[in-house]
Amino acid sequence: MTAPDFTFEQSAMARGFARIAGVDEVGRGPLAGPVVAAAVVLDPARIPPGLNDSKKLTGKRRAVLSTAILASAEVSIGQASVAEIDELNILRASHLAMIRAIDGLSAPPDHCLIDGNLIPRDLARSAEPVIKGDARSLSIAAASIVAKIRRDHVMRDLAQHFPGYGWETNAGYPSKSHRLALQNIGITPHHRRSFKPVHNILWQQKNVSD
């Protein structure tokens with residue numbers, strides 16, 4: 001199985017771009033919580049070994065690599081809230097989180113490598129989409145790791161305030177236990193009302209009350 005490499009970054013540098021940011025988001029699928037994006041500018045001379053798509057790494061390995069990335073690269077995090085997800089839709093909210101992450105870098109990147117097949121439409125910087133980028137580009141892989149660690153931390157914190165949904169382990173994804181909790185405990189302010197399982201429960205409750 002191939003691992004991500006520095007080909008996309010080197011190609012951009014050969015075209016005259018110096019600061020290359022890898023950008024990825026985490027949290028498009030959950031029923032609850034924000035979507036979190038990271039922008040990472042790696043130092044070519046200090047790339048942590050073992051970077052890979054965050055989904056292919058253990059939690060322990062992700063934590064070790066996230067620490068190494070934060071120590072050796074330039075990193076910025078951006079979020080879009082549940083309210084923004086419900087207002088804009090999850091794709092646009094994901095892109096908003098990406099733009100916020102990019103804008104949070106200490107200096108603007110010359111070029112962005114965006115995970116996926118679309119460039120955020122409001123991104124006013126040179127960029128290219130990279131399909132399955134977290135498995136192909138080291139910068140995007142680094143961004144996927146940092147974003148995953150941050151979002152998991154957010155969900156563990158929310159789990160302390162809203163126990164019973166299992167967010168500390170399912171991170172808001174629609175696991176069986178999370179779906180049962182939705183039915184039995186109800187919907188929290190951190191649930192995405194535009195997502196079908198949540199929307200359906202609200203619709204059922206409305207019909208009962210009517």
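Helix H4 (residues 90-103) lies across strands E1 (20-26), E2, E3 and E4 (111-115). Its direction makes an angle of about 145° with E3. Here, helices (H or I, at least four residues) and strands (E, at least two) are DSSP runs, numbered from the N terminus. This is a predicted model: local features need pLDDT of at least 70, side-chain atom pairs count only at pLDDT 80 or more, and totals for chains, interfaces and linings use all residues. Residues are numbered from 1 along each chain as its sequence is written, and side-chain values use heavy atoms, with hydrogens and water left out.

**The sheet**

- Five strands form an open sheet with mixed pairing, in the order E3-E2-E1-E4-E5.
- Strand E3 (74-80) and strand E5 (127-130) are the edge strands, and each pairs on one side only.
- Two strands pair if DSSP finds at least two bridges between them.
- On average, neighbouring strands of this sheet are turned by 20° against each other, direction ignored.
- Strand E2 (residues 35-41) and E3 run antiparallel, joined by seven bridges.
- Across this pairing, valine 36 stands opposite glutamine 79 in E3.
- Valine 40 stands opposite valine 75 in E3.
- The covered face of E3 holds Glu74, Ser76, Gly78 and Ala80. The uncovered face holds Val75, Ile77 and Gln79.

**Helices across the sheet**

- Helix H5 (residues 138-161) lies across E1, E2, E3, E4 and E5. H5 runs at about 40° to E1.
- Axes are lines fitted to C-alpha atoms, for helices over the stretch in contact, and angles run from 0 to 180 degrees between N-to-C directions.
- Alanine 97 lies in helix H4.
- Alanine 97 counts as buried because its relative accessibility is 0%. Buried means under 20% relative accessible area, exposed over 50%, and partly exposed in between (1.4 Å probe, protein chains only).
- Leaving aside neighbours within four places in sequence, alanine 97 is in contact with Val35, Ala37, Gly78, Gln79 and Ala80. Contact means heavy atoms within 4.5 Å.
- Alanine 97 and phenylalanine 195 are 98 residues apart along the chain, and their C-alpha atoms are separated by 18 Å.

**Salt bridges**

- The structure holds seven salt bridges. In each, a side-chain nitrogen of Lys or Arg is within 4 Å of a carboxyl oxygen of Asp or Glu.
- One of them joins aspartate 134 to lysine 55, with the closest N and O atoms 3.1 Å apart.
- Aspartate 134 lies in the loop between E5 and H5, and lysine 55 in the loop between E2 and helix H2 (59-72), so this pair ties together parts that are 79 residues apart in sequence.
- Aspartate 134 counts as buried at 8% relative accessibility, whereas lysine 55 is exposed, with a relative accessible area of 63%.
- Asp53, Lys55 and Asp134 are linked in a network of salt bridges.
- Aspartate 103 and arginine 125 also meet through their side chains in a salt bridge (4.0 Å, N to O).
- Aspartate 103 lies in helix H4 and arginine 125 in the loop between E4 and E5, so the pair ties together parts that are 22 residues apart in sequence.
- Aspartate 103 is partly exposed, with a relative accessible area of 48%. Arginine 125 counts as partly exposed too, at 32% relative accessibility.
- Within helix H5, lysine 148 and aspartate 152 lie four residues apart, about one turn of the helix. Their side chains meet in a salt bridge (3.2 Å, N to O).
- Lysine 148 is buried, with a relative accessible area of 18%. Aspartate 152 counts as buried at 15% relative accessibility.

**A buried charge without a salt bridge**

- Aspartate 115 is in strand E4.
- Aspartate 115 is buried yet has no salt bridge. The nearest side chain of opposite charge is lysine 55, 6.3 Å away. Lys and Arg count as positive and Asp and Glu as negative, while His and the chain ends are not counted.
- A polar atom of the side chain of aspartate 115 lies 2.8 Å from the backbone nitrogen of glycine 133.
- Not counting residues up to four places away in sequence, aspartate 115 touches Val23, Asp24, Met98, Val130, Lys132, Gly133, Asp134 and Ile140.

Notes:
Polar contact = N/O pair within 3.5 Å; in protein donor to acceptor, adjacent residues only side chain to side chain.
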